[in-house]
Amino acid sequence: MSEIIMSVLVMGFIAIILAIALIISSKKFYVPENPLIEKVAALLPQANCGACGFPGCAGFAKAFVENPSPEMRCPVAPPEVLKAIGEVVGTAVGEGKPMRAVLHCNGKHSNVQKVSEYIGIRSCASAHILYTGDKACMYSCIGYGDCANVCLFGAIKIEDGIAVFDPEKCTGCGLCVKACPRHVISLVQKRISNVRVTCSSHDRGPVVRKNCKVGCIACGKCVKVCPKQAITVAPGSNLAQIDDQKCILCGKCVAECDIMHAITAEGRVVKAVEIIIKKKQQEKEEKQKAAALAAAGTGGENAAAETKEVKS
Amino acid sequence: MASELKTFSQGGIHVDDRKYSHESPIEKLPASKLLVIPTSQHIGAPAKVVVAKDQAVKIGQIIAEKAGFISANIVSPASGVVKAIEARMSPTGFKQECIVIENDMKDEYFEAVTDIAPSPEAIEKYDPASAVKQVEKAGIVGMGGAAFPTSVKLSPPPDTKIDTIILNGVECEPYLTADARIMIEDADKIAAGLALIMKIFSKNGPVKGYIGIEANKPDSIQKMSEAAAKYKDIQVVSLALKYPQGGEKQLINAITGRSVPSGKLPGSVGCVVQNVATAAAIFDAAVNNKPLIERVVTVTGLGVKTPKNLLVRFGVMFTELIDYCGGITEDAAMLICGGPMMGKALQTSEVPVTKAVSGILVLNHSEANLYEEAPCIRCGRCVDVCPMGLQPGMINKVIEAGEYEKLEELAIMDCIECGSCNYICAGHERLVQKIKIGKIKLQEILKARKEKEAREKAKAETKAAPQDKPGESK
Amino acid sequence: METKDKKWIVGQGSHIYFPQDTRIIMFQVILALLPACAMALYVFGMDALKVLLVGVISAVAAEALIQKYLMKTALTINDYSAALTGLLLALNLPASSPWWMICIGSLIAIGIGKLAYGGLGQNPFNPALVGRVALLIGFPALMTNWSVTGGYLAELYRKVNPETLTAATPLGFVKAYSGTNFSADLVNYFNSYKINWESLFVGTTSGSIGEISELALLLGGAYLIYKKVINWEIPVSFIGTVGLISMAAYYANPQATLLPHYHLLSGGLFLGAIFMATDMVTSPFTFKGRIIFGIGCGVLTMLIRLYGGYPEGVSFAILLMNIFVPIIDIYIKPKRFGV
């Protein structure tokens, strides 16, 4: 019994001595730090993604407290958090528009031909420096998941050979954009819907058609139909591009791109697109009916008009 | 010849050489109707196209000019008409700008060529002053596989003193036999080419010439020795069988015992290394004004029905070469441009032969490394075999952990990507692939560091000038 | 087949490979252990067979069950590494080990020694030794119970002392010795159990089932060195260091120390030096590193044997040196070309 008491006493004594030493040293070697930094850091998302340009959330907090400027911004944090930080520091954190990442490729295995087998490290970067990839299109998403591996929010999954983004989880930090060796990911505004060209191929039309079922052949129909001039086909690029700032999500281009389906709608605009397509179909049917009636009536005269119709 | 065979000092592997096509003589493959000529067949800047569509060209006419110091001319390998200038698949595995020439089968030369036979007298008579110009005009690059522009190698910076010329007849890559066959069938021309290179460099003092050949090619050694005996100061060195003896640094070390310092070129130890086929091409270009329009390519591997050595015009498709050799077998798995250790796997055989193609290798399923990666068991064999004294296993771990800054300390830039570690790895780890990624990442880091330093320097300078910034007071 | 339309496989070189991969290496080590197993069967009879079978089966089962139900990863029992761990553990146990103790050892070796660190290649310690040392600490009496029931040794013991059928190992005898006339008692002990350097070398003495026959272990070691599975550096430097230190110890105090060659031939030195210290995962990368590792093992072994509480120190020495392997690998680098 006495052994137990003895050992407890000895251990307790050592503990007290050490505790006193710790207290003294913590007082003596105290480094004054702005308490605001800790507060701000605690408010930040703690994803340490680096999208703000500082090393992690603590780095941003330190830089922001020491030298607050509205230009510094955390693209990941929701507006409430930014507001709270602003209240703590006294200067508002720059509130960028919330962004999200989207993929400009629809090279699923069912859409694009597989031309070779790849053996080696399952990493897009490795495959990209080795050759043009196992898909026929050399601009396509490789699908080995470098973006999914860097994503801190679990927003990216690889399905059927391409990256699929979860718009809810995506914070727009942009790490995947940097990680993608093929540059098929970009950041767009986080809106209720999204319209984008799901192709990045700079190949000429016939080549795209051969390689992929859903590639952009730069026919330019979408450019004509866009009411806001948001779509351009840069000369020599063989690829339509939508300016996300100008796009009003009308969905006309999606409906227009009915051969290659290289423009994809997502979210609420899908319904609008369906309506436009239905309308178009109805118009077409009506015209056909009218043409048939006319043809029955006047014969060969309207046949030329009909072929014109088909051509356009 | 020394009783004990020479070899390089550290690392290296003993690979079963599998030279299936060593006995088959070089056959000439007829030039095909359409020839595709990439403008980047060499290390350095791609050549600039100087012909237009539908323009008539003749053999030896320059169709793309060298652009920059490290670059090479591209000459037309056939007479005919330029059909197109467009991006096509090249043996690098990527699409590149190519000139497509329709061959009219007349084989007319752009400039007159002579037919002087290689002999000591011909070299004696030749004035080396214009040799480098001739080599540059003929578009000659190193024909061992790396394709470094030869004219650049022949004109080193004036402060380097070259006293040793080494011809590389090692052909340490398994399977390949092109160089061995050239040495058997064209030994005189190679020896004359070496004598010519020595003459170019001899203005700064005496120069010695060596021809390094591995001991598994006794017939090549014999023929080369006979040819070399006619010239002064040329010695054929028989080397022990060890990969990667054909690497420049390893070959210099094996023959002269000198070690090229890390990050330096062979010129720093007074050596110039040329491939044997390049030497023959240099002789032809300098003495006979013949442009570089064809090369010997080994088509081999168990995936090809009959392995052969073919003399091929540049621009002929791989498919034609393989079909000339009887086509591929049922269990063919990989198509490789070059040797099995450092060659490039291709996804299509519709690519043209270029100056850098030393072999076309079709491996079947049993030969090819088709294993998935298994964990490293730290067997340490990669460290034992590394000819550069690196630690591939450690580098692999660092890259997997993403700690790219540590790669600088591990001297990853010294890696010559010979594939020895990859070959020997018990876990079938893709070490070379990871090292390639690591090199890119490290270069990014070094670049960023340099930029940061430059920025800080600029900042310090602006700070040093005091009254520039009034806001600096706090 | 048309060359043009062929779908090729694309990868980074080297495109050919050296056939001796992990699986084959592990298999070759198991092959190299067969002479030692055969010797164990001859000397200990069916007891040895029981220990070997239980060891291998329990280790493979432990790996399969842990990977399937706890880690939920792909099974890796096909690479023979678990079987090798079980075999090495069994060879390090006395013939009298009960089956449940062997199972606990296997579970610790595979579970804590290997899989807890992330599986093959990640473990800092030799898994079989982790298992053995855990058993040595947990069941000290069972682990030094050298009684036998069959085989050559039982025959021998029947002649000496038919009631107990057991005998101390030479190292155990020395450590436990409390008499006054060391030399005479030692000779007496040696004579009664027919121990001399020949019998120690061939292996007809008591000890763990795998460590007794240096002859069989050397045969296996020679095969492994010939096949380039292990390098000669670690066994030679390890055994050499033990030899030198034991010689020095003997000449310093001949009255209470074993002769140097008895130090070499008794105990688990050869099993440890040839098969355990050379484990690729837990030994240094470089030539110099391996020499340092071997010398360190030798010094620690002799320190434990001469001054420690345990009669045998090979397992502890190797485990302790395993700790230093990462440091050795950091500081002992191969000579770079051209630097």
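**Entry 1. Terms and model**

I take two strands as paired if DSSP finds at least two bridges between them. I note that the model is predicted.

**Entry 2. Sheet in chain B**

I looked up the bridge partner of B:Ala64 and found B:Ile74, in S6(B). Strand S5 of chain B, residues 62–65, pairs with S6(B) in the antiparallel sense, over two bridges. I then traced the sheet itself: three strands, open, in the order S3-S5-S6 of chain B, with antiparallel pairing. Strand S3 (48–49) and strand S6 (74–75) of chain B are the edge strands; each has a single partner strand, so one side of each lacks a neighbour in the sheet. I recall that strands of a sheet pair through backbone hydrogen bonds, either parallel or antiparallel.

**Entry 3. Strand S1 of chain A**

I next examined strand S1 of chain A, residues 99–103. Four of its five residues are buried, so the strand is largely enclosed by the rest of the structure. S1(A) pairs with strand S5 of chain A (residues 185–189) in the antiparallel sense, over five bridges. Within this pairing I located A:Leu103, whose bridge partner in S5(A) is A:Ile185.

**Entry 4. Domains of chain A**

I consulted the domain assignment of chain A, which gives domain 1 (35–89), domain 2 (99–190) and domain 3 (192–290). Taken over C-alpha atoms, the centres of domain 1 and domain 3 of chain A are separated by 40 Å.

**Entry 5. Contact of chains A and C**

Which residues does each chain bring to this contact? I counted eight residues from chain A and six residues from chain C. On the side of chain C that touches chain A, three are nonpolar, two polar and one charged.

**Entry 6. Contact of chains B and C**

Here I recorded 58 residues from chain B and 33 residues from chain C. S1 and helix H1 (22–44) of chain C each supply at least two residues of the side of chain C that touches chain B. I sorted that side of chain C into 15 nonpolar, 12 polar and six charged residues.

**Entry 7. Nonpolar core**

I asked which residues of the largest nonpolar core touch the most other members. Of its 324 residues, these are B:Ile190, B:Leu194 and B:Leu321. For B:Ile190 I listed the contacts beyond its neighbours within four places in sequence; among them are B:Leu167, B:Ile182, B:Met224 and B:Val276.

Conventions. Residues are numbered from 1 along each chain as its sequence is written. Chains are lettered from A and ligands numbered from 1 in the order in which they are written. This is a predicted model: local features need pLDDT of at least 70, side-chain atom pairs count only at pLDDT 80 or more; totals for chains, interfaces and linings use all residues. Two residues are in contact if their C-beta atoms, placed from the backbone, lie within 7 Å. Ala, Val, Leu, Ile, Met, Phe, Trp, Tyr, Cys and Pro count as nonpolar, Asp, Glu, Lys and Arg as charged, and the others, Gly among them, as polar. A nonpolar core is a set of buried Ala, Val, Leu, Ile, Met, Phe, Trp, Tyr and Cys residues joined through C-beta atoms within 7 Å. A residue is buried if 20 or more other C-beta atoms lie within 10 Å of its own, exposed if 12 or fewer, and partly exposed in between; C-beta atoms are placed from the backbone. Domain bounds come from an automatic or database domain assignment.
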